[in-house]
Amino acid sequence: MNNASLLPLIILLIPLCAAPVLLALPERSAGLRTAINLGAALVKVLLVAWLSWKVSQGVIYDLRWTVLPGLDLNLQADPLAILFIALSAVLWLITTVYAVGYLEKGPHRARFFGFFSLCVAATVGIALAGNLFTFLLFYEMLTLATYPLVIHYGTAAALRAGRIYLIYTLGGGLVLLLGTLGLWVLAGSTDFVPGGILEGVAEDTPLAAQLLFAVLIIGLGVKAAMVPLHSWLPVAMVAPAPVSALLHAVAVVKAGAFGIIRVVYEVYGIETAQALGLTTALAVLAAITILYGSIRALGQDDIKRRLAWSTVSQVSYIALGVALASPIAAMGALAHLIHQGIMKITLFMVAGNLAEGLGIKQVSRMNGVGLIMPGSMAAFTLAALGMIGLPPLAGFVSKWYLAAGGLDAGQGWVIPLLLGSSLLNAAYFLPMLHRAWFRQPDTAPQEAPVRRPVGWMLAAPPIATAALVLVAGGLANAPFSPLEWTRFIVTLEYSAEAF
């Protein structure tokens, strides 16, 4: 059933229209700015919930505006879009609460929250994009919207990080533009369609289809932080903690991973991608990234950089699950899109609390912080154990389905890969937890003084997301869980014979 409702457009316009208002507000209008931020985020959550319900009932939202013959600006709310937009909506609300508490007494608040809202609007557009052309427009909008957030502090390190970020992401966007044009030439369309649009083209010109896939993965792999296109991500950790949380959990890296999902499933189709040998190449690249990111995380003393290298590793679980060409592994990959988001945003918010409340930014100075900030560190602990893959937390569910999918696909090497990755996760997370809970606080004077107490707007968000880590894992088979929604998506992307 087709429905021309403007609901997806309204959801996109909420953060898009809030952005110029926030940019125009005087710095002193803290109360009004907070009201607009929280009000827009809450309304978006409610509308996304309504949209999700309608899509689950079989309603299809497909809005098109023709730009050129065969090239449309297309917003489409399908089950895969709902998965990503729901993550965006919930974590935007939680991150907004955190960002208000973190930055409301700092400088350049109007600029920050204005571009923060634009960043969210771009993420919504990416989720709702019904074709690669629309995806590309919002993909580039996301690059431009996040740049002012990365350089927010205006230090030399921040400006350098911003330059590196732009070089990588604009370069990736240019490559993706070439890929979009190539797709339009080969297929006469850039639409995302379950089963793909390149089956006939791949049969007639397999080499062209393979080269196009390489171009598209390079363009998307930059934001997905896949090796060797990952270097911008650890450098960008000079940004404020809410920005780091947004980059890693909701927006930039997830945009790249989400694009890879769309390309494999809905540009090529999983059967065509497998027949061309594309899934094997993607699986190898994902495996290298998983191990490399974890190994690099081991040597980082800066908390945020350690978490950044962890993201390099963890996001490639999504690409790995897609590349295994198994419906079970696909469920693990899609679930990890959500699970990694709620775990990683928890970790970054707690890292921000340590920096704001205690002036602690290094792992080596985390001694006894669990005794000083028990709520925040309890949240950090749950998220870290989830990243390692301890049951019954969210990360365990993702890894379990990825491992089962690897066996289902006859790819037994996935098991030692996931075990090795989990051991590396433990090697860089457990020492942090040991310092926090089992060592006494340092008695020597600190290099950085305590800035201010961590209020409820900083303490509550990571506790809330840590609770989601527990719920998403413990209730994974519940009808409303992310895992169950991925089952719904996979039935659309795989033929009945695959199950």
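1. The crossing of α15 and α20 is left-handed (the near helix is turned anticlockwise from the far one by less than a right angle; clockwise would be right-handed). Helices here are DSSP runs of H or I with at least four residues, strands are runs of E with at least two, and both are numbered from the N terminus. The model is a predicted one, in which local features need pLDDT of at least 70 and side-chain atom pairs count only at pLDDT 80 or more, while totals for chains, interfaces and linings use all residues. Residues are numbered from 1 along each chain as its sequence is written, and side-chain values use heavy atoms, with hydrogens and water left out.

2. The axes of α15 and α20 come within 9 Å and cross at roughly 155° (axes are lines fitted to C-alpha atoms, for helices over the stretch in contact, with angles from 0 to 180 degrees between N-to-C directions). That angle makes the pair roughly antiparallel (over 145 degrees; under 35 is roughly parallel, 65 to 115 roughly perpendicular, and the rest oblique). On the α15 side the contact (heavy atoms within 4.5 Å) includes His-339, Ile-342, Met-343 and Ile-345, and on the α20 side Leu-458, Ala-459, Pro-461 and Pro-462 are among the partners. The residues of this contact number 13 nonpolar and 4 polar, with no charged ones (nonpolar means Ala, Val, Leu, Ile, Met, Phe, Trp, Tyr, Cys and Pro; charged means Asp, Glu, Lys and Arg; the others, Gly among them, are polar).

3. α15 also packs on α21, at an angle of about 135° with the axes 9 Å apart. The two helices are therefore oblique to each other, and α15 passes α21 in a right-handed crossing. Pro-327, Ala-330, Met-331, Leu-334, Ala-335, Ile-338 and His-339 of α15 make the contact with Pro-482, Leu-483, Thr-486, Arg-487, Ile-489 and Val-490 of α21. Of these contact residues, 10 are nonpolar, 2 polar and 1 charged.

4. A further partner of α15 is α17: their axes come within 9 Å and cross at roughly 145°, in a left-handed crossing. Residues of α15 including Gln-340, Lys-344, Leu-347 and Leu-354 meet residues of α17 that include Ser-376, Met-377, Phe-380 and Met-387. This contact holds 10 nonpolar, 5 polar and 1 charged residues.

5. The largest pocket holds about 720 Å³ of space. On a 1 Å grid over the protein atoms alone, a pocket is an open set of points with protein on both sides within 12 Å along at least five of seven lines, whereas in a cavity a 1.4 Å probe fits but cannot get out; lining residues have an atom within 4 Å of a point. Points are joined across faces, edges and corners, and the volume is the space filled by probe spheres set on them. Of the 25 lining residues, Ala-86, Val-90, Phe-480, Ser-481 and Pro-482 lie nearest the centre of the largest pocket. Two or more lining residues come from each of α2 (30–56), α3 (79–103), α15 (327–358), α20 (456–474) and α21 (482–493). The largest share, 7 residues, is from α3. By class, the lining has 21 nonpolar, 3 polar and 1 charged residues.

6. The second largest pocket has about 460 Å³ of space. It is lined by 25 residues, and Met-237, Val-238, Ala-239, Lys-304 and Lys-361 are the closest to its centre. The elements that give two or more residues to this lining are α6 (156–187), α9 (232–235), α14 (303–323) and α15. The lining divides into 16 nonpolar, 2 polar and 7 charged residues.

7. Val-227 and Pro-228 are joined by a cis peptide bond, with omega about 5°, and Pro-228 is in the loop between α8 (206–223) and α9. Ala-225 is also found in the loop between α8 and α9; its phi is near 60°, a positive value in a residue other than glycine. The peptide bond from Pro-391 to Pro-392 is cis, with omega near 5°, and Pro-392 is placed in the loop between α17 (374–388) and α18 (394–408).
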